[in-house]
Amino acid sequence: MADHQRQRIHPMVGEAPPPPTTPLVPPGSSRSEKGLPLHHPPPLRAMPAAYPTPKKGSCFCKCICWTISLLILLLIILAASVGILYLVFKPKLPDYSVDTLRISDLSLNFDMSLYAKFDVKITANNPNKKIGIYYEKGGRLSVWYTSTRLCEGSLPQFYQGHQNKTVLNVSLTGQVQSGSTLMTALQQQQQTGRVPLDLKVHAPVAIKLGRLKLRKVRVLGECMLVVDSLSSNNLVSIKASNCKFRMKL
């Protein structure tokens, strides 16, 4: 009886089943323990490493600094080398002295030019103990009165060894145009018994250090002379002589 009394529940005809629930979590996501959706952050894109770009200005400054440093180093090495050479060789300038001066000819020509011929004997002295001197071609010796060159001659080529004295005989000749005025001035000066003359030396030389021959330099010298007379065919007396010399590259 009880079974017959049970009421069966049948769905009502025409009643639609409940619609399926739409998931609140998008596909591919997960839920937490409480059922809440877990949102994953989007994947990070790898950014390329940023390297500093070299600047043209910095490269130029570095190049300038390296160049200046190299030049300073070379100057230091050069100065040290020169200092060592100076201490080892102890260089000294050569010096010269005028021994005799003979007036072979001093006269006026028909064209009123002044002709002069002097014979000079000078001594070249090399005081260095470890330095030799090569006297090269082109050396000149001249005699001047005030600002006028009276005569000129060539110095011989030779090698002068250490601590050596060499006697040189040099013949000088020259001709001055319109020499009558100059001849009158020389005669008036001769009456005083003191005639100033200027003897100039221009000698290209090469220095020898040991077995090493260096480049050419010039020895420039000047001797201020005072003689008593300018008479022809006469060995004049040198009353005063003051010589100065310097070397020039």
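## Helix α3

Leu-182, Met-183 and Leu-186 are the buried residues of α3, where buried stands for under 20% relative accessible area, exposed for over 50% and partly exposed for what lies in between (1.4 Å probe, protein chains only). Seen down the axis of α3, these buried residues fall within an arc of 100°, so they line one face of the helix; the arc is taken from the directions that run from the helix axis to the C-beta atoms. An α-helix has 3.6 residues a turn, so residues three or four places apart point the same way. On the face of α3 turned away from the buried side are the exposed residues Thr-181, Gln-188 and Gln-191.

The helix covers residues 180-191, 12 residues, and spans 17 Å from first to last C-alpha, close to the 16 Å expected at 1.5 Å a residue; the expected span is 1.5 Å times one less than the number of residues. Cover for the buried residues of α3 comes from elements including β3 (95-108), β4 (114-126), β6 (140-145), β7 (148-154) and β9 (164-176). Just after α3, Gly-193 has a positive phi of about 80°.

## Model and overall make-up

The model is predicted: local features need pLDDT of at least 70, side-chain atom pairs count only at pLDDT 80 or more, and totals for chains, interfaces and linings use all residues. Residues are numbered from 1 along each chain as its sequence is written, and side-chain values use heavy atoms, with hydrogens and water left out.

The protein chain has 3 helices and 13 strands, taken as DSSP runs (helices H or I, at least four residues; strands E, at least two) and numbered from the N terminus. Of its 249 residues, 29% count as buried. Among contacts between residues at least 6 apart in sequence, 65% join residues at least 24 apart, a contact being heavy atoms within 4.5 Å.

The whole structure holds 1 cavity of 30 Å³ or more. A cavity is a set of points on a 1 Å grid over the protein atoms alone where a 1.4 Å probe fits but cannot get out, and lining residues have an atom within 4 Å of a point. The largest cavity contains about 30 Å³ of space, the volume being the space filled by probe spheres set on the points, which are joined across faces, edges and corners. Its lining consists of Tyr-96, Ile-122, Tyr-135, Leu-155, Pro-156, Phe-158, Leu-168, Val-201 and Ala-203. By class, the lining has 9 nonpolar residues, no polar and no charged; Ala, Val, Leu, Ile, Met, Phe, Trp, Tyr, Cys and Pro count as nonpolar, Asp, Glu, Lys and Arg as charged, and the others, Gly among them, as polar.

Tyr-135 belongs to strand β5 (residues 131-135) and is buried, at 5% relative accessible area. Beyond its neighbours within four places in sequence, Tyr-135 has contacts that include Pro-94, Ala-124, Gln-160 and Val-205. Gln-157 is 22 residues from Tyr-135 along the chain, with 5.2 Å between their C-alpha atoms.

## Loop residues

Most residues other than glycine have a negative phi. Thr-146, not a glycine, has a positive phi of about 50°; Thr-146 sits in the loop between β6 and β7 and is exposed at 60% relative accessibility. Gln-163 also has a positive phi, near 45°. Gln-163 is in the loop between β8 (158-160) and β9 and is exposed at 51%.

Arg-211, in the loop between β10 (195-209) and β11 (212-227), is exposed at 86% relative accessibility. Arg-211 and Gly-132 are 79 residues apart in sequence, and their C-alpha atoms are 9.7 Å apart.

Definitions and conventions:
1 Å grid on protein atoms, 1.4 Å probe; cavity = no way out; pocket = protein on both sides within 12 Å on 5 of 7 lines; lining within 4 Å.
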